Amino acid sequence: MRWWRVGVCFILALFIAITPVTWAQTPTPTVAEETAPVILDGQELFRVPAANVFSAQERAKAIANRLEQVGQIESLPIQVTQHDKRNSTLLKVGDRAILSISEDDAQILGESRQVLVQQYSAAITKALKDYRRSRSPQKILRGILYTLLATIAWVIFYRLMKFLFGHSARYLEAKGERQFPYLRLFNFDLLTPAKVKGFVIKTVQRTHLIVGLIGLYFYLAFVFQQFVWTERFGNQLVSYTLETLGSVWKAFIDYLPNLINIAITAVIVYYVLAFLRFIANRMEAGELKIPGFYQDWIRPTYRLVATLVLALAFMIIVPFLPGFQSPAFQGVSIFSLGSTETVSNAVIGIILIYGRAFQVGDVVNIRDVKGRIEEKTLLITRIRTPRNELVTLPNSIVLNSVITNLSATKQILPEQPLFLNTTVTLGYDTPWEKVYRALIAAALRTKGILS
């Protein structure tokens with residue numbers, strides 16, 4: 001079955017990941033260290049220093065081998081005896097010598113010889129009992145029984161998760177596409193309802209596999225812990241999980257004050273922007289009027305103030321973000337908003353908006369370009385000429401040019417007419433009276449002209 005193949009790959013990857021670290025659990029001190037641990041079944045019993053021609057590591061390994069040999073002799077009673085000499089004490093189990101504790105050992109370890117004898121004797125007795133108990137037939141049979149029960153429990157758990165998530169996927173498939181939302185970026189559809197539906201269904205269908213692998217992880221940890229030969233692997237798996245969860249929880253607790261500051265700032269900014277949007281909408285609807293504040297200033301002012309509020313909020317929030325002190329995060333500051341010319345155009349655009357030299361829809365003459373204003377932004381101004389050409393001018397050029405607004409007279413002084421002149425070039429053989437009458441007739445046919 002497919003999930004068995006996935007499970008096998010998961011187990012292999014798990015062994016590859018944990019084997020080096022697990023075997024590294026047995027310390028390998030350098031020669032310069034004074035003591036080395038005596039380890040039996042992955043547990044440190046005590047530490048011993050170097051003695052005579054043997055290094056601390058060699059001595060600790062020899063003691064561990066003797067303990068292992070004693071533990072394998074079931075007929076040998078576990079009873080540690082002491083044989084005192086003038087400058088040392090020999091510890092034996094039955095007729096087998098385990099180690100000798102000298103005055104030099106006591107001096108290096110910072111304890112009296114009598115205290116070390118008591119500590120080592122208690123540690124040896126407990127370690128040998130645990131060694132034999134973990135390898136007893138009853139313990140092995142109990143481990144096999146627990147393994148069978150855990151296997152059955154994991155298979156039932158996996159099947160149950162597959163059934164639940166499969167039922168949820170079939171329920172989603174029966175729902176119509178209209179019940180799923182559009183995912184849009186401005187006016188671009190990132191995901192249609194059909195794609196959102198397919199994505200949600202596939203996610204639900206695959207989630208049971210992830211949950212099953214998580215269950216398999218804890219199942220393996222439990223099974224490994226049932227047998228002495230693999231107990232270290234199981235303990236390592238459990239320690240990985242506990243250390244990871246502990247570090248995540250500690251990081252969350254440490255970051256909680258920053259998260260609260262970010263949340264408070266976000267709430268304040270949200271309601272400030274909502275208040276500004278409310279004021280702007282009321283002013284555009286004419287319900288709120290401020291003397292000297294023109295209608296065409298409302299939307300640009302709202303956008304400008306909202307941008308300033310967001311920039312201030314960003315400056316407040318950024319120091320509380322995780323990883324702010326890292327060089328990678330701070331390296332973002334090398335990016336600027338643009339060139340000096342771009343910033344200059346933006347400032348000039350604000351001047352043009354509040355200077356009200358022209359509005360969208362006005363007929364203007366800027367330098368050699370004459371036409372109707374189609375769009376004005378912080379950076380550029382677009383003009384549509386009588387020939388239907390769309391001319392784009394940077395705001396720096398617009399501000400440094402003479403702007404002739406042919407629509408402003410009607411808006412500001414409607415009682416005073418606008419005088420327009422034109423130049424007509426005639427040939428010498430054309431009667432001026434005929435041309436005069438033609439120009440007057442053309443003027444009278446012009447809409448809005450004074451008779």
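How many residues does helix H2 have, and how far does helix H2 reach from its first C-alpha to its last? Helix H2 (residues 56-72) has 17 residues and reaches 25 Å, close to the 24 Å expected at 1.5 Å a residue. The expected span is 1.5 Å times one less than the number of residues. Helices (H or I, at least four residues) and strands (E, at least two) are DSSP runs, numbered from the N terminus.

This is a predicted model, in which local features need pLDDT of at least 70 and side-chain atom pairs count only at pLDDT 80 or more, while totals for chains, interfaces and linings use all residues. Residues are numbered from 1 along each chain as its sequence is written, and side-chain values use heavy atoms, with hydrogens and water left out.

Buried residues have under 20% relative accessible area, exposed ones over 50%, and partly exposed ones lie in between (1.4 Å probe, protein chains only). In H2, the buried residues are Ala56, Arg59, Ala60, Ile63, Ala64, Leu67, Val70 and Gly71. They lie on the same side of H2, because they cover an arc of only 135° around the axis; the arc is that of the directions from the helix axis to the C-beta atoms. Lys61 and Gln72, on the other side of H2, are exposed. The cover over the buried residues of H2 includes strands S1 (35-40) and S2 (43-49), as well as H3 and helix H4 (113-134).

Contact means heavy atoms within 4.5 Å. Leaving aside neighbours within four places in sequence, Asp105 is in contact with Pro49, Ala50, Arg59, Ser100 and Leu116. His167 and Gln205 are 38 residues apart in sequence, and their C-alpha atoms are 9.3 Å apart in space.

Two strands pair if DSSP finds at least two bridges between them. An open sheet is formed by 5 strands in the order S11-S10-S9-S8-S12, with antiparallel pairing. Strand S11 (390-394) and strand S12 (403-405) stand at the edges, each with a single partner strand, so one side of each has no neighbour in the sheet. On average, neighbouring strands of this sheet are turned by 40° against each other, direction ignored. Strand S8 (residues 363-366) and strand S9 (residues 369-376) run antiparallel and are joined by 4 bridges. Val364 stands opposite Gly371 in S9.

Technical notes
Axes fitted to C-alpha atoms, helices over the stretch in contact; angles between N-to-C directions.
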